Amino acid sequence: MHLFHSRYLSDSNDHVLDTDSALLRFLKKEVQEEDIALFATYDEAATGLRDSGRQWLGYFGSGLISRLKYRENFLMVGTKALAEGNAIEYYMASNGKEPSFAPPIEKAGCFAIPMGPKVNMEKAVSAVLTGKDIEKGNPLENCGLPSPCGADTVSAAVHTGQGNEVKPSICINGNIWMADKVNDGGRGFNIAVLDPTTFEVIKVTHMDTYETDSTDLELLLDSLDEGDIVVAVVADEASRKLGTGARDALNKVGSAFIQNLRFRDVWYFVGQKGIQGFSRIEQLSYAGLNDQWPKPLLAKFCIPRTIPSSRIMIDPESSRNEPRRQFCTKYEGYTEFCNPAYVDEHLKAIPISNNELAGNKIFETPIIIVPGINHNAFVNTLRTTLMQPGINVQNVAVYWDEKIPEYGELATLFGFQSEKVEGSTSYAGFENLSGNTSLVYRVQDFPGLAFLMRSPILQKLVDSWSSCCQKRAWSGWDLDLLEVQLEMLVPDVSRVYRTPFFGGEGLSGLSRNLFLKPRKTYLDTKTQSLRLEYLISNDYENFLQNQIHNSIVLKPAQYVDCIKGDDQPPNISNLANVPIVIFYQQHDSKDYRLLLKICHCFGLVIMEDGKPRNMHRGMLRFHYQNHDVFVVGTQTAYFDRLTSMSTVLSTAHFHGSLAAHPHIAVAKV
């Protein structure tokens, strides 16, 4: 920008203005009405030119500035308060599809002055009242304080108003100086400036930074004399167009909290030009959830000639708990936890109440929380846990269902460990391979998800982690390396509904079988109490032996065509309501070739390592067409040597080797 004086045509300095704030400050403060301003863009000017900057160029007569876009060019000659459209201006748009630079603009010639009609600029600049222009409102003894202030102090009271209904007010030395009908008090910033020697109100202004830019506020603060006292109140909403420059200017006169002012927050402050550190007279009240109006602030105090300050930022009376606010905005139904009156309370552990218990082992005990379906009950459990004196939040773990991710977010809000659990799932828990909601198996597998175990077993698992357990748990872990007999309990009906697995692994046949195949869960059927009475080791063995002994034997002829791929699985729905047993031949205890073919026939999942899952001492058990089915190999402890071999599936039933049959592939063992 280049300036000329219109009367003398004297030359002024060039000014390069690369921000909207710098442009506004210059146009408002430096340029006089008699000046002629020459404007020209260079390189890229549209990005940093906001609506307020374009509006002010309109006050210099521009009618084309609204068109300016990325890397386009603009040239203009105008004067302050010139009616829109009367400036001499040229605009050059980019002529390429890509964001290339527009062609340059070069003009020369003469123009007449004055350039055109003038407009009233009173509404363009926030009025700063001084002297006799300041209206004195009604008196208020001691500004509401119970007694007069002492020497070298003056009484004051500030009120931020109530939402957009009750206007703000400022009382100084027993008189109202800012209110609804006093000096235009209202939305945005309401400011009174005091002389530090006489406590006289020397400036009053109202700046609506919801509607207009905050450059006027910057200029007012810049114009203060050393020692001037600033009393400021924010009402209704003031953050929308409050720029960084104005926040920084308020920070320089002692504000610590203005940087945190957001939509509909209210604030009051007493600062001073030249203050060292942060004022001790400042408070901020945050808007509620979903932009609800905040709690109004009302304060009465005595102002000294030198505002008390601190080198360290003073903690506000209230603070914003942003993570909790975000949670409550995202999820519904948390009536008490998300109550606007408490939503900004921070969740902190209670310190130990009895110092004699410090160092007690009880405070090292791990705590596991498994939430149910009542989310408010879960929140109360978390709050109760956090309220236990001496609680170590790092020792509290919340295992939450993958279908309810908000539980994981809640655990994090409370500072607890958060672990997603995919649930207890049967590898045979598909729609046609499960259904007994009371049935529980003992199997020699490991869940790899949420579990409880004795610490020596856990230590063996940790010690062998790199060799046993690098795959996903459902792909199979080599538990033989643990050198312990390890079993887990698995329900026949899965306790979780699995959703499709995405990612590279989700493309494998194993993942498709596990995650995409329709699965029956406890959510789909009426759940019965789990039968746990036979699960103790010896009792379970006796139970299995008795079940197998009283089973109906399914002969090979009834399912061999299914194994060959020539038929569907056998229909056993009409058989008596007793268990079913299938016998197959083994050469040794690790020979699972025929077992894998039986699994394939019935649609059971076959893992990548070629070993079936849900095995117990070499025996496989699942539920099919309302029958418990036991698949027993000849090398297991459950095979009776007196059993007729005609009831045992063998390679002879295929009239040749397994490898020779076109429908059967030899499994890796």
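In this predicted model, cysteine sulfur atoms within 2.5 Å of each other are taken as a disulfide, and by this rule the count comes to four disulfides.

| Disulfide | S to S | Torsion about the S-S bond | Handedness |
|---|---|---|---|
| C143 and C171 | 2.1 Å | -80 degrees | left-handed |
| C149 and C302 | 2.0 Å | about -85 degrees | left-handed |
| C562 and C601 | 2.0 Å | about 115 degrees | right-handed |

**Where the disulfides sit**

C143 is bonded to C171. C143 has 1% relative accessibility and counts as buried. C171, at 2% relative accessibility, also counts as buried.

The disulfide of C149 and C302 has an S to S distance of 2.0 Å. C149 is in the loop between β6 and β7, while C302 is in strand β16 (residues 298–304), so the pair ties together parts that are 153 residues apart in sequence. For C149, the relative accessibility is 18%; the limit for buried is under 20%, so C149 counts as buried. C302 counts as partly exposed, with 33% relative accessibility.

The torsion of about 115 degrees makes the disulfide of C562 and C601 right-handed. This pair links distant parts of the chain, with C562 in helix α12 (residues 560–564) and C601 in helix α13 (residues 593–602), 39 residues apart. C562 is buried at a relative accessible area of 7%, and C601 is buried at 8%.

C599 is in no disulfide, and the nearest cysteine sulfur, that of C601, is 9.8 Å away. With 2% relative accessibility, C599 counts as buried. C110, in contrast, counts as exposed at 84% relative accessibility.

**Strand β11 and its partners**

Strand β11 spans residues 201–207 and is mostly covered, with six of its seven residues buried. Strand β6 (residues 128–130) runs antiparallel to β11 and is joined to it by three bridges. In this pairing, L129 stands opposite V204 of β11. Strand β10 (residues 188–194) also pairs with β11 in the antiparallel sense, over six bridges. Here the bridge partner of A192 is V204 in β11.

**Packing of helices α1 and α3**

Two packed helices are described by the angle between their axes and the distance between the axes. Helix α1 (residues 20–30) packs against helix α3 (residues 215–222) at an angle of about 65 degrees, and the axes are 10 Å apart. The crossing of α1 past α3 is right-handed. On the α1 side the contact is made by S21, L24, R25, K28 and K29, and on the α3 side by T215, D216, E218, L219 and D222. Sorted by class, the contact has six charged, two polar and two nonpolar residues.

Conventions:
Residues are numbered from 1 along each chain as its sequence is written. This is a predicted model: local features need pLDDT of at least 70, side-chain atom pairs count only at pLDDT 80 or more; totals for chains, interfaces and linings use all residues. Side-chain values use heavy atoms; hydrogens and water are left out. Axes are lines fitted to C-alpha atoms, for helices over the stretch in contact, and angles run from 0 to 180 degrees between N-to-C directions. Helices (H or I, at least four residues) and strands (E, at least two) are DSSP runs, numbered from the N terminus. A crossing is left-handed if the near helix is turned anticlockwise from the far one by less than a right angle, and right-handed if clockwise. Contact means heavy atoms within 4.5 Å. Ala, Val, Leu, Ile, Met, Phe, Trp, Tyr, Cys and Pro count as nonpolar, Asp, Glu, Lys and Arg as charged, and the others, Gly among them, as polar. Buried means under 20% relative accessible area, exposed over 50%, partly exposed in between (1.4 Å probe, protein chains only). Two strands pair if DSSP finds at least two bridges between them.
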